[in-house]
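Here's a quick briefing to read with the model open beside you.

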Amino acid sequence: MSSRLAGALLIALSAVAFGSMAIFGVWAQDDGTSTPALILVRFTLASAVLVAVMRARRVPLPPVRQVLPVAAMGGIGYVGQSYCYFLALEHAQASLVALLLYLFPAFVAILAAVFLRERIGLVTCVALVVALSGTALVVGGGSGRPLGIALGIGAAVIYSVYITVGSVVTRGIDTIAVTTIVCVAAAVVCGVVVAVLGVSGHPAAFPASASGWASLVAIAGFCTVVAIIAFFAGLPLLGPTSTSVLSTLEPVVTVVLATWLLSESLTGVQAVGGALVLGAVVWLAVSHTGPAETATPV
């Protein structure tokens with residue numbers, strides 16, 4: 001097997017793992033799991049596995065001055081994005097939420113131009129217009145309350161800020177170390193949130209059955225740890241541009257699984273809008289060389 005084919009298979013595995021997270025999230029919520037509990041379990045279990053991987057590979061921690069901003073990324077950016085994503089699933093179709101999240105490359109391109117002084121050329125401008133037009137069709141043709149749509153777009157905005165900031169503060173740090181720090185910080189913040197909710201009389205609701213817990217374990221193990229490790233293993237073999245293009249499988253996987261397992265359906269208008277969004281993402285990946293190219297799975 002060639003290294004490029006191996007890289008493509010690893011990135012495809014990462015895309016499938018991340019793309020299935022919405023399905024497991026809906027199943028966990030249907031079993032009575034609240035969003036704070038879901039995110040706490042996700043990051044706690046993922047952190048335990050990633051710490052073990054870090055120790056097994058003998059990856060050193062970076063200096064404190066580098067750890068703190070990366071931890072802030074996890075505790076603020078990653079937690080905020082995850083809350084918006086899973087709350088959106090309570091108010092909109094999983095397929096709609098997945099397609100809205102994939103606006104993040106367009107937002108990254110805009111943020112990189114404003115804050116990192118990256119040039120936006122004609123091709124990028126056209127791709128941004130196509131992405132936004134596709135989003136309008138997705139929202140108009142999809143099934144979701146305004147709150148769910150707003151949360152889905154909010155998840156994309158927060159994730160784009162996370163990527164843009166991360167492209168600066170993670171330079172020179174081992175990617176496994178970055179991911180571990182981010183997940184540990186996110187787990188700590190989620191633990192504090194759950195504790196505060198409990199003290200205030202609004203305890204987090206955990207799964208009511210074994211199937212609900214199985215969904216949470218799948219989110220932490222398959223949709224987070226496997227997705228991240230496969231992504232970073234495939235990235236150097238495939239290259240950043242091809243990785244970004246192949247990663248557009250993620251929302252496709254979500255839409256297919258949601259149609260199959262959640263009995264969701266795409267309208268013709270929504271399908272056209274989704275195709276425009278994904279086409280714009282591929283176009284941006286091929287033409288743009290900024291931080292959007294090496295975005296990690298969420």
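The expected span of a helix is 1.5 Å times one less than its number of residues, and helices here (H or I, at least four residues) are DSSP runs, numbered from the N terminus. This is a predicted model, where local features need pLDDT of at least 70, side-chain atom pairs count only at pLDDT 80 or more, and totals for chains, interfaces and linings use all residues. Residues are numbered from 1 along each chain as its sequence is written, and side-chain values use heavy atoms, with hydrogens and water left out.

**Helix α4**
- Helix α4 covers residues 64-89, and its 26 residues should span 38 Å at 1.5 Å a residue; the end C-alpha atoms are 36 Å apart, which agrees.
- There is still a bend of about 25° at Gly74 in α4 (a bend is the angle between axes fitted to the seven residues ending at a residue and the seven starting there).

**α4 against α5**
- The axes of α4 and helix α5 (residues 94-101) come within 9 Å and cross at roughly 150°; axes are lines fitted to C-alpha atoms, for helices over the stretch in contact, with angles from 0 to 180 degrees between N-to-C directions.
- That crossing makes the two helices roughly antiparallel (over 145 degrees; under 35 is roughly parallel, 65 to 115 roughly perpendicular and the rest oblique).
- On the α4 side the contact uses Gln81, Tyr85, Ala88 and Leu89, and on the α5 side Ala94, Val97 and Leu101; contact means heavy atoms within 4.5 Å.
- Sorted by type, the residues of this contact are six nonpolar, one polar and no charged (Ala, Val, Leu, Ile, Met, Phe, Trp, Tyr, Cys and Pro count as nonpolar, Asp, Glu, Lys and Arg as charged, and the others, Gly among them, as polar).

**Val53 and its partners**
- Val53 sits in helix α3 (residues 35-56).
- Leaving aside neighbours within four places in sequence, Val53 touches Ile176 and Ile229.
- Val53 and Ile176 are 123 residues apart along the chain, yet their C-alpha atoms are separated by 8.3 Å.

**Positive phi in loops**
- Most residues other than glycine have a negative phi.
- Arg58, in the loop between α3 and α4, has a positive phi of about 55°.
- Arg58 counts as exposed, at 76% relative accessibility (exposed is over 50% relative accessible area, buried under 20%, partly exposed in between, with a 1.4 Å probe and protein chains only).
- Ser263, in the loop between α12 (249-261) and α13 (268-287), has a positive phi of about 60°.
- Ser263 also counts as exposed, at 68% relative accessibility.

**Helix α10**
- Helix α10 (residues 210-238) bends by about 30° at Ala218.
- Gly239 follows α10 and has a positive phi, near 95°.
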